[in-house]
Amino acid sequence: MELLRWSERPELDRPVLVAAFEGWNDAGDAASSAVRWLTDRWDAAPFAEIDPEEFFDFTANRPEVHLEAGVRVIDWPENTFSAGRLPGGRDVVLLQGVEPHLKWRTFTELVLGVVDELDVTMVVTLGALLAEVPHSRPVSVVGTAYDPEVVARLELQQSTYEGPTGIVGVIHSRCRDLALPSASLWAAVPSYVPGAPSPKATLALVDKTGALLDAPLITTDLEIASASYERQINELVDDDDETRAYVASLEQRHDEAREAEPVRPVDPAESAELIEQVERFLRERGD
């Protein structure tokens with residue numbers, strides 16, 4: 001079985017790879033939504049995909065069925081590579097996918113096989129984490145890199161994280177082994193709204209990626225969606241004294257700290273009651 005299927009091999013000039021994966025690395029669907037948005041905005045065309053058969057437990061992540069002209073079609077988890085060209089002329093490869101369940105090292109080598117084939121000069125991954133941050137303040141985006149030269153050039157932080165990791169951590173580890181420059185951008189999503197898509201975090205990642213690649217972007221649609229998102233959460237906060245007090249404390253802490261320290265990831269269990277209230281509120285609104 002061919003695990004990496006090429007539909008064509010695009011002619012690219014030393015592109016940058018931008019990747020995001022649904023799942024553990026994708027709080028509020030922010031990272032995966034950012035890559036989808038960039039793929040659409042940059043009119044990137046698919047050219048290769050990774051066969052899901054070897055990498056997913058389909059009892060845990062079940063394929064979905066939909067109808068096309070009365071015919072039932074199965075949608076399998078996808079990891080798709082697309083290629084485009086930025087307005088300034090720079091080439092870019094976008095990997096839009098789902099974090100695999102199995103054989104992470106094999107999966108990573110397939111990704112790096114595309115990197116080698118297309119002479120990719122840098123790998124950038126997007127992620128989103130749950131953190132003790134207020135929804136009413138600008139989204140914090142933390143950048144990390146393994147290569148000291150990349151850290152200095154892009155004004156990022158050298159990664160010192162220890163603990164459980166996702167597929168992006170494995171990919172960056174292999175990039176380091178191969179002396180391939182890489183960077184990872186992470187947006188902070190409020191821990192009390194983990195189940196709701198966060199266009200505000202998506203916008204922050206899109207803006208940071210555009211700045212990183214020196215590719216100006218018009219993000220009016222994301223700005224409108226972000227304002228709507230914030231209004232909805234404001235309604236929830238105003239309707240509950242406990243939630244309002246909690247968010248006020250986060251706002252105070254944020255305002256005092258500013259950007260002195262990176263945001264702290266949290267276990268959603270720490271805010272279980274607030275999470276339940278938010279999700280119930282959003283279900284009742286239905287929009």
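Modeller: Let's settle one word before we start: buried means under 20% relative accessible area. On that basis, buried residues make up 48% of the 287 residues in the protein chain. Please keep in mind that the model is predicted.

Biologist: Thanks! What makes up the secondary structure of the protein chain?

Modeller: There are eight helices and eleven strands. As for contacts with a separation of 6 or more, 81% of those in the protein chain join residues 24 or more positions apart.

Biologist: Which residues of helix 2 and helix 4 meet?

Modeller: Helix 2 brings W104, F107, T108, E109 and L112, while helix 4 brings I167, V170, I171, R174 and C175. Sorted by class, that contact has seven nonpolar, one polar and two charged residues.

Biologist: I171 is on that list. How do you know whether I171 is buried or exposed?

Modeller: Set the value against the cut-off: I171 has 3% relative accessibility, and buried means under 20%, so I171 counts as buried. Leaving out residues up to four places away in sequence, I171 touches F21, T108 and V123. The C-alpha atom of I171 is also 9.0 Å from that of T125, a residue 46 positions away along the chain.

Biologist: Which other residues of helix 4 are buried, and what do they pack against?

Modeller: Besides I171, the buried residues are I167, V168, G169, V170, H172 and C175. The buried residues of helix 4 pack against strand 2, helix 2, strand 8 and strand 11. Helix 4 is followed by A179, which has a positive phi near 60 degrees.

Biologist: Where else is phi positive in a residue other than glycine?

Modeller: K103 has a phi near 50 degrees and lies in the loop between strand 7 (91-98) and helix 2. R14, also not a glycine, has a positive phi of about 45 degrees; R14 sits in the loop between strand 1 (4-6) and strand 2 (16-22).

Biologist: What makes strand 9 mostly covered?

Modeller: Strand 9 (residues 141-145) has five residues, and four of them are buried.

Biologist: How do you know that strand 9 and strand 11 pair?

Modeller: Pairing requires at least two bridges between the strands. Strand 9 and strand 11 (residues 182-190) have four bridges, in the antiparallel sense. One of the bridge partners in strand 11 is W186, which faces V142 in the pairing.

Biologist: Now H135. Where is H135 found, and why is H135 called buried?

Modeller: H135 is in the loop between strand 8 (122-131) and strand 9. Its relative accessibility is 4%, under the 20% limit, so H135 counts as buried. Leaving out residues up to four places away in sequence, H135 touches P190, Y192, K200, E230, I233, N234, V237 and V247.

Biologist: Y192 is on that list. Is Y192 buried or exposed?

Modeller: Y192 has a relative accessible area of 0%, so Y192 is buried. Y192 lies in the loop between strand 11 and helix 5 (199-212). Y192 and Y246 are 54 residues apart in sequence, with their C-alpha atoms 9.7 Å apart.

Biologist: Last one: how do helix 6 and helix 7 pack?

Modeller: Helix 6 (residues 220-239) and helix 7 (residues 241-257) pack at about 115 degrees, with axes 5 Å apart. V237, D238 and D239 of helix 6 make the contact with D241, T243, R244 and V247 of helix 7. By class, this contact has two nonpolar, one polar and four charged residues.

Methods:
Residues numbered from 1 in each chain as written. Predicted model: local features only at pLDDT ≥ 70, side-chain atom pairs only at ≥ 80, totals over all residues. Heavy atoms only, no water. Contact = heavy atoms within 4.5 Å. Helix = DSSP H or I, 4+ residues; strand = E, 2+ residues; numbered from the N terminus. Nonpolar A, V, L, I, M, F, W, Y, C, P; charged D, E, K, R; others polar. Buried < 20%, exposed > 50% of the residue type's maximum accessible area, 1.4 Å probe, protein only. Axes fitted to C-alpha atoms, helices over the stretch in contact; angles between N-to-C directions.
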